[in-house]
Each structure stands twice: as C-alpha cells, then as structure tokens.
Amino acid sequence: RQADGRKVLRSSIREFLCSEAMFHLGIPTTRAGTCVTSDSKVIRDIFYDGNPKSERCTVVLRIASTFIRFGSFEIFKPTDEYTGRKGPSVNRNDIRIQMLDYVISTFYPEIQEAYSDNSIQRNAAFFKEITKRTARLVAEWQCVGFCHGVLNTDNMSIVGLTIDYGPFGFMDRYDPEHICNGSDNTGRYAYNKQPEICKWNLGKLAEALVPELPLEISELILEEEYDAEFEKHYLQKMRKKLGLIQLELEEDSKVVSELLETMHLTGGDFTNIFYLLSSFSVDSDPSELEDFLEKLTSQCASVEELKVAFKPQMDPRQLSMMLMLAQSNPQLFALIGTKANINKELERIEQFSKLQQLTAADLLSRNKIHWKEWLEKYRVRLQKEIESVSDADAWNTDRVKAMNSNNPKYILRNYIAQNAIEAAENGDFSEVRNVLKLLENPFQEAVGFKEVQEDAEEEGATAAAAACAQETRSRLPYCSKPPLWASELCVT
C-alpha cells in the first residue's frame, strides 16, 4: 500500500465516531479529540479489487493514557525457528526492563507499591491485572455485539482499552460467526472467536515478558484467571441486559444461550431485540403477548435479507473442483486448509435452496413459535425474581431501569456511518455531527432530535450536493435495523 502512513477521511470518520460511541457505552477505549481533513489526496484500493480511487487525507487525534501495546514488547523477540524472523531490539533486555518498569510504575502504581521489593511478584501481579482487564473488555464487546476486526498483538492495549478502530463493525443480525472485516477470509477475528483470540494474544505477551516473568508463572495465571473472569463479567452484564437484578441463578447462562440461539434461528437484530425486552410484561394477557411477538418478529430478518445473507459465495466450478480434490487427495486438501470454508459454502447452498421455497407468512409463523417458546422460559425466570421481593412494582421499575441503562437504543451501525461518510466526502459534515450527538446518549430515546446546525453558512453550499446522494437512500430512524442495501457494505 506504498506505506505512505496517511489516513483517509472515510476511515477517520469511522474511528472518530466509534471511539466516542464506545466511551459513551461505558466500554474502555481510546478517545477522539479532533478530526482534521485536508485537500491532499492519496490513492487507495479500498476493497483490494484493482479499483483504486483518490481520497482526502485526514488526521484523527487519539487520546489515551498510553499507546503501548502487547506488541510493543515483541520488539525483543529472539529469532523464530520456523520463519527466521526476529524483533528489531533482540537481546536488548535492558530496554525491556526499562519499558516494563515504566508501564507498571506509571499505569499500575498500586501494584508497584505493593511489590516494590520483589520484581517477579510485581510482574506476575501486573500480568494478572492485564489478563483480567482484557477478559472484561472482550466480555463488554460481546454484550453490545461489537467486532474489532483485527485483533493482533499490536492492537491490544497494555492498559486494557479498545484501540485501533480499523475494519470494526457492530453486529446487526445476530450471527455468532459474524465477520466484520471483509479481508478476514478465514474468520480468525469472527465475533465468537474474539474471547479466544484475546486470550491467545495474552499468551504472546507472556512469551514476550520472559525472563522478567517466567512462562510457567504467566501461563498458570492465564489459565486460572482469563476464562473465569470473562465468563463472570459476561454473565453479570447479560443479567443486567435481561433485567435479572435480584437473583443470580445457575440457570441464567442457559436463559442467555437460549435467547442467542433464538436470535440466531430467527435472524433477530441483536441491539433491537435486547432493547425491546424491557417492555415485556410478566403478566401480559394473550392479546398483549401477541402484540409483543409482532414487535419482536419485526426485528427479525426478512426472506429477502436471509437470501442475501446465505447467497453462495464461491464459483460453482471452483467448489466442484475443491470437492473432487477432497475425495481424490485428502492430504493435499487438508494442507490447503479450506475445509471449514467448503463446509460453510455447502451450508449456504443448502440454506439458500430452502429459502427459495419459503414464504414471508411461513417465516413469520416459524419465528413466532421460536420466540413464544423462549419468552415462556424468560417469564418463568422473571417470576422467580418477583417471588423473591416484597414489592413487585418497585422491582419492575428497577428491572426496566437496569435494562434501559445496559441495552443501547443507538449504536454505530455500518449504514449510519456510511451515510455520514458519503455526506462528508461531498463536503457536508452536519451528518457526522448528528450521529456524534446521538451516540453521546446511546441509551436514551432521541425525542425531537434536531439536526446540528453548526457552521450552517459555511457548509450550506456543499450540503446541496451531499443532499442529492443522501436522498437516493430512504432516510430511516437511527435505531432501525439496516436497510437491504446495507448488506452490500464491505469494510476491509
């Protein structure tokens, strides 16, 4: 990519808006201070498909206590026996000690103070803390449907922040295998892989801290702390999202997993389904339940959306060739490493074929059955909450309050970001300001939301040009599940 080091307007707006969105969602993150664009241009092949275009250079001012990453400690790595590659500061253990001392004394002063006379214990306490912070961070991501897109060691903060907003995406239709990065062909950074990959990155940090922290100590910490901390924080957050504020029962993880399974089966919108659940009434009569089911199913994927989602992606001739290779030379096929991709493609073909026969009425009926089954289980669980309190009305008020402060109404969906980017590329930044304003209060209904009219005269001339592009796409409320055109958006 010529390594010119220049960021463009498109990616800068996405980073600016998302880092602020994450902060207001209460998730540890770097912040955005300013976004400054110029008339300088660079050539970018956005989708790596041989169709480059000219884009405006832009600078985002990022704010954080530190930008040191896990990868910062890998500059000391010795020569790899398989690749022959080594860190640029190999054998400079003096710098590693200096850097580790700086990180702990500056950003973990309480650990420095507690273990000032024993560096191994101090380093172990630091590794334990960053392990827990990382586990909690990724649990927060999973609970809002945030996908980072590129979770390598250089995109992991040493103080547990969300850092480096590249090809990120908030999940719309719930799919545990959702991939937000169009260039992640193997799904290494898929939504359901994020907890696992963050743990793997901590393992790489552990290796990079040797000999200041022996591997047998750090590996034990990682095994004992990471999964337990992730599961604890994830379940605590999910209980709040479901309004389970009174009791902590073993069955709660099953209630959560069955909700997600129902969302997956029905193509439910992750954000909007959670937001809707606060209006579910434990003692609703059949007609109220039917009304609620209508609302839930309106947030599920239509037949058209499902056809787009399950559209086969491989050339039939290529697929046929790969299947022949799998039979004739399984060893070579295994070496190519595409078995999972082939299986996924076969599943897509099967699903797509079934969808050709499915009517909208059949889909609605099927979805209502799935949601009715889960709501009955949810009702039983909420009933146990009521039985444990003396004042059911007060409990319900607290339940709704907890849910409404943990289930955002507004997230930075790709189509919302895209509309703001297209307007900005035409010189109109008012939509960026609108979206930013909205994301500053993600849990509140934006009643009578007005467009921000800053610098109206200055931007008036260019706004007209942008309006033409905007009007071609129907204007949806910011909390809507995405329009069909949004499924074509690709972020790399």
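A: A polar contact is a pair of N or O atoms within 3.5 Å; within protein, one must be able to donate a hydrogen and the other to accept it. The model is predicted.

Q: Which domains does the assignment of the chain give?

A: Two are given: domain 1 (1–66 + 410–444 + 485–491) and domain 2 (67–236). Their C-alpha centres are 25 Å apart.

Q: How many residue pairs are in polar contact between domain 1 and domain 2?

A: The count is 8 residue pairs, with both residues at pLDDT 80 or more. On the domain 1 side, the elements that give two or more residues are α1 (9–24) and β3 (53–63). Helix α1 supplies the largest share of that side, 5 residues.

Q: How many salt bridges does the rule find across this interface?

A: Between domain 1 and domain 2 there are 2. For a salt bridge, look for a side-chain nitrogen of Lys or Arg and a carboxyl oxygen of Asp or Glu within 4 Å. To see how one looks in this model, go to Asp164 and Arg62. Their side chains form a salt bridge, at 3.1 Å from N to O.

Q: How many residues of each domain are in contact, and what area do the two bury?

A: On the domain 1 side, 23 residues are in contact with 28 residues of domain 2. The two domains bury about 2100 Å² between them. Of that area, 64% is on carbon and sulfur atoms.

Q: Which residues have the most contacts inside the largest nonpolar core?

A: They are Phe73, Phe127, Leu242, Leu375, Tyr378 and Leu412. The core has 105 residues. Helix α4 (residues 119–144) gives the largest share, 12 residues. Domain 1 and domain 2 each contribute at least three residues to this core.

Q: What is Phe127 in contact with, leaving aside its neighbours within four places in sequence?

A: Its partners are Leu202, Leu205, Ala206, Leu209, Leu213, Ser218, Ile221 and Leu222. Trace them on the structure, starting from the Phe127 side chain.

Q: Does Ser430 count as buried or exposed?

A: Buried means under 20% relative accessible area. Ser430 has 13% relative accessibility, so Ser430 counts as buried. Its place is in helix α17 (residues 430–439).

Q: How many residues apart along the chain are Ser430 and Ile386, and what separates their C-alpha atoms?

A: Along the chain, Ser430 and Ile386 are 44 residues apart. In the model, 47 Å separates their C-alpha atoms.

Technical notes. Residues numbered from 1 in each chain as written. Predicted model: local features only at pLDDT ≥ 70, side-chain atom pairs only at ≥ 80, totals over all residues. Heavy atoms only, no water. Core = buried A, V, L, I, M, F, W, Y, C linked by side-chain atoms within 4.5 Å. Buried < 20%, exposed > 50% of the residue type's maximum accessible area, 1.4 Å probe, protein only. Helix = DSSP H or I, 4+ residues; strand = E, 2+ residues; numbered from the N terminus. Domains from an automatic or database assignment. Contact = heavy atoms within 4.5 Å. Buried area = accessible area lost by both parts, 1.4 Å probe. Polar contact = N/O pair within 3.5 Å; in protein donor to acceptor, adjacent residues only side chain to side chain.
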